[in-house]
Amino acid sequence: MVIFMIFQTYRRKHRKNLPPGPWGLPILGCLPYLGRNAHLVLTRWAKTYGDVYSVRFGTVPVVVLNGFGVIREALVKHGADDQTCILVENYDRLLEERRHYTMRLFRIIGVGRKNLESAIFKPQLEVLMKDLTNMGGKATDIYPILRDSVANITLGIVFGFHLEHNDSQYEGILDTVHKMFELNAKLSIVNFVPFLEKLPLPRLKQFDEVSTRLVLQVIAWLKGQVSNHHEDSNHIKSFADSYKTDVLKYRGQKTNEKGPVRINNNETELYHPTQAIGQERNDNLDTIFSENQIISVAIDLIVAGFETVTTTLRWGCLYMAMYPEIQAKVQEEIDSNLGDRNPNITDKGTLPYTEATIMEIQRLNCVTPLAVPHSTTKDVEFRGYTIPKDTMVLVNLWSVMTDPVCWPNPEKFDPQRHLNERGRTIRHDVFTPFSLGKRSCVGAPLARMELFLFFTFLMQKFTFRLPNGASAPVFEEGTLASTLTPPAHQLCVVSRGKKT
Ligand code: HEM
């Protein structure tokens, strides 16, 4: 132990000017202290070591950023300047282009608009209503039902709304995604300690196999779409539609044209990444943005989109069962504004208390409390410390969402804190469930739409209750896997019937 301490002191001295932090154990560093809920431990350490501190995961140094001021400065100020970035690992122009591509596609597809809603949300919400009604108010774990609904919506967007559920390719993809989730939940800490991925764990091997299967299934589906290409002007655009038009044009342009590309017809306004970066196309375009990149965007949307939204809704239903008076207030607002009519996205403005409740669910159980691991792209001078190039940086969003200075009585579930004196919703700067800066959640517009439509619909049609005699689950028994999932629990879902 003495030798270890001397060695550590020597290493710290020679590791430039890293921020201070807990010592940790030989070889394992601080890993054994993190437990199932690393975000809680990391937030506690900030009280001892300050908002910027370093820990070792195994032998790897990691800088942890806490609190809104520090995180904003790191991700917005330093993140805006490519020369001194604190960004997600392997950040490069390709990733930036993928983000632009995704955002443009969301606009084409109609995320946040009514047509997307009637095409995909409405039929899916009907299925959800049938499934929950069939439970007959008995105590059940609603996770599989919510998960399937959210999965169907995301897959609907990526693969097309006209897809029948008995399509074997679709079923195959859904099945693979479920397996990925199951494995992911068991991998827990590996999700934010990337170097652990190198360990020869059987579960990691299985996860790799399932991920590869998903990639192959997505490629097979999208390529099939391109060869079956047909124009159907009445058909609402899905990712696959945009993809096939894009790829066909891309291929056509590639063989027929030289010089700048403008893939941009009036109807689909398909985006070419070189437009975004203000460059003219050149012959090595394949190395900048290719079909593979578009496929990666589809995979990103599937993997990043399902679990975050499902887990937030699970927390939401659980909170409503635990706080029946808040649930009743939400239902009253929905009933008096919508009656029995299904919610649509334009109702958001008329349901401020409902929106504030969703925000409070997102605040109090920030499902991605440590965001995605970032890293420095060069030596960074930050708050008096020197963080060397390629150091892993963890962004502790949990520390922001539970900061008592920003949120008085942070542990209290209180939607009112997101409303002003006139009862309108306020979006505080410190409300950051989707993180900040260049690598913040690219799916946020879709996530907000999904959360609003699902939650409002669930509150309109059902009342959520804890089973008789069941006590509320202890929240700290939740587990941080790829998202922060609630402890195992059952709920009684009671149909509210017609209100008119
Ligand atoms: C409640 C729902 C969601 C929450 C709380 C959430 C939160 C986050 C957070 C915190 C990050 C990391 C940002 C950072 O490291 O700074 C992220 C990244 C990302 N999210 Fe979400 N997300 C949600 C839903 C979605 C959905 C529905 C999609 C897409 C369908 C999506 C796609 C992505 C992608 C692709 C990234 C990586 C962005 C990049 O690499 O630049 N997310 N999300």
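1. A quick definition before we start: two residues are in contact if their C-beta atoms, placed from the backbone, lie within 7 Å. With that in hand, take Cys-441: leaving aside neighbours within four places in sequence, Cys-441 is in contact with Phe-434, Ser-435 and Ala-447.

2. Some ground rules. This is a predicted model, where local features need pLDDT of at least 70 and side-chain atom pairs count only at pLDDT 80 or more, while totals for chains, interfaces and linings use all residues. Residues are numbered from 1 along each chain as its sequence is written.

3. Now the overall picture. The protein has 17 helices and eleven strands; these are DSSP runs numbered from the N terminus, with helices being H or I of at least four residues and strands being E of at least two. Of its 500 residues, 40% count as buried. Here, buried means that 20 or more other C-beta atoms lie within 10 Å of the residue's own, exposed means 12 or fewer, and partly exposed is in between. Among contacts between residues at least 6 apart in sequence, 73% join residues at least 24 apart.

4. UniProt, in an unreviewed entry, lists Cys-441 under "binding site"; its positions are given in the numbering used here, feature names are shortened, and annotations may be inferred rather than shown by experiment. You'll find Cys-441 in the loop between helix 16 (397-401) and helix 17. Is Cys-441 buried or partly exposed? Cys-441 counts as partly exposed, because it has 18 C-beta neighbours inside 10 Å.

5. Next, the ligand. Of the 25 residues around the ligand, Ala-304, Gly-305, Ser-435, Cys-441 and Gly-443 come nearest (to be near, a residue needs its C-beta atom, placed from the backbone, within 6 Å of the molecule or strand). Helix 13 (291-322) and helix 17 (444-461) are the elements that give two or more residues to this shell, and helix 13 gives the most, with seven. The shell divides into 14 nonpolar, eight polar and three charged residues.

6. Most residues other than glycine have a negative phi. Ser-435 lies in the loop between helix 16 and helix 17 and counts as buried, because it has 21 C-beta neighbours inside 10 Å.

7. Ala-371 also has a positive phi, about 50°, although it is not a glycine. Ala-371 sits in the loop between helix 15 and strand 4 (374-376), and is buried, with 26 other C-beta atoms within 10 Å.

8. What about the nonpolar cores? Such a core is a set of buried Ala, Val, Leu, Ile, Met, Phe, Trp, Tyr and Cys residues joined through C-beta atoms within 7 Å. In the largest, of 65 residues, Val-177, Cys-317, Phe-455 and Leu-491 touch the most other members. Helix 13 gives the most to this core, with 14 residues. Apart from it lies another core, of 38 residues, including Val-62 and Leu-436.

9. Last, a contrast. Helix 15 is mostly covered, with ten of its 13 residues buried. Asp-390, in the loop between strand 6 (385-387) and strand 7 (392-396), counts as exposed, because it has 11 C-beta neighbours inside 10 Å.

Conventions: Nonpolar A, V, L, I, M, F, W, Y, C, P; charged D, E, K, R; others polar.
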